[in-house]
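Subject: Structure handover

Hello,

I am passing a structure on to you, shown below. My notes on what turned up in it follow.

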Amino acid sequence: MTSHHPFALPEEDRRTSPYTGWTRAHWETAADRLVAAVAPYATPRRALYHLPGGRTSWSGRRSDGLEGYARTFLLAAFRVAGARGADPAGLMERYGDGLAAGTLAPGGEGTEDWPPIQDRSQPLVEAASIALGLRLTRPWLWDRLDDGVRDRAAGWLADALTAEAWPCNWELFAVTVGGFLAEAGYETAAARAAVVRGLERIEPWYVGDGWYTDGPGRAFDNYNGWAMHLYPVLEAWLSGDEKLLDRYGGRLAVHLADYARLFGGDGAPMHQGRSLTYRMATTAPLWLGALTEHTPLTPGTTRRLASGALRYFLDRGAVDDRSGLLSLGWHGPYEGVLQGYSGPASPYWASKAFLGLLLPAEHPVWTAAEEPGPAERGDAVTALRAPNWLIQSTAADGLVRLHNHGSEDSRYDPYYTRLAYSTTTGPVPLGAPPDNHFGLVEDERVSLREELRPLGAGDDWAASWHRPRLPGEGDQGGPAGEALITGLVLAHGAAEIRAHLVTGAASGTRVRQTGWAVDPADSSSPRSELLALHGLSPAADLPATHTAFTRRATVPALSGETTGDVDGDLFVCVARLTAEPDPLPLQAAVTVGVARVRGAYELTATWADGTVHRVRLTRPDPGSGLGAHLVVLDVLGQDARLRPT
């Protein structure tokens, strides 16, 4: 594609950066331009930054202005601390002036007054960025402030130590504030207590294998990297607490082995989860592993993934040509990735991407030759057992697909409950007939995929079950009332078999299976294919709509109908998302046979290369309740695949 940059960048270096051409100088230039672009939108004494765009978050304009200060200050802090105090642009003076003005009368109605930190309020979030920035730049800013300014700023920050947080990554904002205040000698007992308390509160959300859920439930997303790992590891590293760093750094290292697989060959991170307008903040955990020496990745792979992601967004219009500001969106502006808490300055959480500047220029992460990322090394299908995801990547086109049988957060649909996500497609907006979905249909209402119960993931497969619910329906009634849906994916190469066993549904209940949302008229878009194999028939494509990747996405669909069979009805199809120029026809990629065996369905898939999968699906026991763990899936021949002799 044609590169699209809103500002001039240094010459590429294809010797040390054969994949991206980008070096530390590109990161420094991007940081300088991004932080310079917000300066015209500061209040006269630079305490608040009111960025344009006509959107206000649910926290209000003053809080949004504080967000503009805090998030861009963090970017400035990474830039100055990474330059060992060199500050030709006068960033520390600029943000020091804002700190002094904003804390004169917090909670007041003046032009510069910062809002107070209260229970579950957005200023609690921003306090963490301010505290981290002050800690990183302490010799060049905090230690040079007047005592009165330091006292006022510490007093404002101290409210974060006791403010009630939402039960999620917010518990870590007091940890970050507490770490700074304890180091700076303010409210030391309360500050240290806040650190301990916050770390204790996230512990129940660590599910193993390097993965956290963002609060109660199964909300697996980018907050793992840019929050749940970031804040504890930085606190341990900055405090010099080796015991703490071993614990949290060790978890980070395990996480990064999985996380590196979520970047496409074009640099794109996985398009899944909320707060996607933070874009290249997805690179923060990559840099964090290198910074703290807790990473399984080589320096060349770390930089290739991180620079690839930064370049991906800057090449695709993430920064407005005229203003130089990060837009609210993905490539360019796109409201579909926003939430009620998203304000004009929210995209500057992307400042976390510049954590890598803390590594000195002579560090191997900057000097080693780039190495390919996992998606570029060869085709792979990898089970991530903690979130119950299956990651499928193909080297020929660099696409990465995430098959989701374990993450859900219906508050932020459509970014959690779809069957699959990728680095090159986005879900259609909430309210449109869903893509990558299997559901029951009544009066054009499609059942929701909620209360998901993982059944496991292994080589080439992942599965889950749920009790479908029609929108607007209570606990009883409608065709979804007694129904259960068991879902399975088998992935091989670029293709995936999707099998769904529906039990407990009334005879004649319609079902719909949909595929990937793409623009078939766009030659740069991947192709989406969907082929019925058992129990399904071709149906009309869903009405065209928009995604973060295209203004006119088409979704292929299949339809079927239940028979009321006592053992349930099985529906099987094969889907493929590919950008390969001449792939094997989907009809020739796999053949599937379905047999009934003692009250179960046995599915045999024979792939074109001779690989064979056999799967047995049985009816769940509804009497066990949704809270029970039911073994309803038996994958056979996984360790000894059948191949032609």
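I start with a loop residue. Glutamate 444 has a relative accessible area of 53%, so this residue counts as exposed, the cut-off being over 50%. Please keep in mind throughout that the model is predicted.

Backbone points

Glutamate 444 sits in the loop between S7 and strand S8 (445-446). Its phi is positive, near 65°, although the residue is not a glycine.

Asparagine 436 also has a positive phi in a residue other than glycine, in this case near 40°. The loop that holds asparagine 436 runs between S6 and strand S7 (438-442). Is asparagine 436 buried or exposed? Its relative accessibility is 1%, so asparagine 436 is classed as buried, for which the limit is under 20%.

One peptide bond should be noted as well: the bond from aspartate 413 to proline 414 is cis, and its omega is near 10°. Proline 414 belongs to the loop between strand S5 (399-404) and strand S6 (420-422).

Helix H11

Helix H11 covers residues 299-315, 17 residues in total. From first C-alpha to last it reaches 24 Å, close to the 24 Å expected at 1.5 Å a residue. How many of the 17 residues of H11 are buried? The count is 16, which leaves the helix mostly covered. After H11 comes glycine 317, with a positive phi near 85°.

Nonpolar cores

The largest nonpolar core has 146 residues, and within it Leu181 and Phe354 touch the most other members. Helix H2 (residues 61-82) supplies the largest share of this core, with ten residues. There is also a second, separate core of 23 residues, including Trp461, Ala463, Val574 and Leu617.

Which residues does phenylalanine 354 touch, leaving aside those up to four places away in sequence? They are Trp27, Ala30, Ala31, Leu34, Leu75, Phe78 and Leu310.

Regards

Methods. Residues are numbered from 1 along each chain as its sequence is written. This is a predicted model: local features need pLDDT of at least 70, side-chain atom pairs count only at pLDDT 80 or more; totals for chains, interfaces and linings use all residues. Side-chain values use heavy atoms; hydrogens and water are left out. Helices (H or I, at least four residues) and strands (E, at least two) are DSSP runs, numbered from the N terminus. The expected span of a helix is 1.5 Å times one less than its number of residues. Buried means under 20% relative accessible area, exposed over 50%, partly exposed in between (1.4 Å probe, protein chains only). A nonpolar core is a set of buried Ala, Val, Leu, Ile, Met, Phe, Trp, Tyr and Cys residues joined through side-chain atoms within 4.5 Å. Contact means heavy atoms within 4.5 Å.
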